[in-house]
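Here is a friendly walk through one chain, written for someone who likes to know the cut-offs behind each term. Please keep the model open while you read.

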Amino acid sequence: MLTRRARRLSNDRSEAEDLVQDTLLKLCQRLRRGRAVEDLPAYALRTLQNEARKGWRRIGTEELQEDDALTQPDALSRTF
């Protein structure tokens, strides 16, 4: 169930596997601290979704390299 959902949320298979592993790690950490989980499938899916969102935000906040920029670095200083 988690793997299928992770594959829908990610770009490739290895990224999906990482999402599943991160989700299971969070679940194990929660259980090890003695915190109960009432609905395990729902909790696991929600955690998977949150982990995917964290990854998307991380990608979205990476700085662009000059080669990746859509405008030339000197575009704002040029006069028309």
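This is a predicted model: local features need pLDDT of at least 70, side-chain atom pairs count only at pLDDT 80 or more; totals for chains, interfaces and linings use all residues.

Residues are numbered from 1 along each chain as its sequence is written, and side-chain values use heavy atoms, with hydrogens and water left out.

## Overall layout

The chain holds three helices and zero strands. Helices (H or I, at least four residues) and strands (E, at least two) are DSSP runs, numbered from the N terminus. Read from the N terminus, the order of elements is α-α-α. Of the 80 residues in the chain, 21% are buried. Here buried means under 20% relative accessible area, exposed means over 50%, and partly exposed lies in between, with a 1.4 Å probe and protein chains only.

Contact means heavy atoms within 4.5 Å. Among contacts in the chain with a separation of 6 or more, 48% come from residues 24 or more positions apart.

## Where α1 meets α2

How do helix α1 and α2 cross? The axes of helix α1 (residues 2-9) and α2 come within 8 Å, and they cross at roughly 130 degrees. That makes α1 oblique to α2. Axes are lines fitted to C-alpha atoms, for helices over the stretch in contact, and angles run from 0 to 180 degrees between N-to-C directions. Angles under 35 degrees count as roughly parallel, over 145 as roughly antiparallel, 65 to 115 as roughly perpendicular and the rest as oblique.

The crossing of α1 past α2 is right-handed; the term applies if the near helix is turned clockwise from the far one by less than a right angle, and left-handed if anticlockwise. On the α1 side the contact is made by L2, T3, A6, R7 and L9, and on the α2 side by R13, A16, L19, V20, T23 and L24. By type, the residues of this contact of α1 with α2 are seven nonpolar, two polar and two charged. Ala, Val, Leu, Ile, Met, Phe, Trp, Tyr, Cys and Pro count as nonpolar, Asp, Glu, Lys and Arg as charged, and the others, Gly among them, as polar.

Let us take L19 to begin with. L19 is found in helix α2 (residues 13-32), and it counts as buried at 8% relative accessibility. Beyond its neighbours within four places in sequence, L19 is in contact with A6, L9, S10, L48, E51 and A52.

T23 is buried, with a relative accessible area of 2%. Leaving aside neighbours within four places in sequence, T23 is in contact with L2, A44, T47, L48 and E51.

R7 lies in helix α1 and is partly exposed, with a relative accessible area of 43%. Its contacts, apart from neighbours within four places in sequence, are R13 and A16. R7 and V20 are 13 residues apart in sequence and 9.5 Å apart in space, C-alpha to C-alpha.

## Salt bridges

Side chains of opposite charge can pair when their charged atoms come close. The structure holds three salt bridges, where a salt bridge is a side-chain nitrogen of Lys or Arg within 4 Å of a carboxyl oxygen of Asp or Glu.

| Salt bridge | Distance, N to O |
|---|---|
| R13 and E17 | 3.8 Å |
| K26 and E51 | 3.6 Å |
| E51 and K54 | 3.1 Å |

R13 and E17 both lie in helix α2, four residues apart, about one turn of the helix. R13 is exposed, with a relative accessible area of 54%, while E17 is partly exposed at 42%.

The side chains of K26 and E51 meet in a salt bridge. K26 lies in helix α2 and E51 in helix α3 (residues 40-60), so the pair ties together parts that are 25 residues apart in sequence. K26 is partly exposed, with a relative accessible area of 33%, whereas E51 counts as buried at 11% relative accessibility.

E51 and K54 are three residues apart in helix α3, separated by about one helical turn. K54 counts as partly exposed, at 34% relative accessibility. Together, K26, E51 and K54 are linked in a network of salt bridges.
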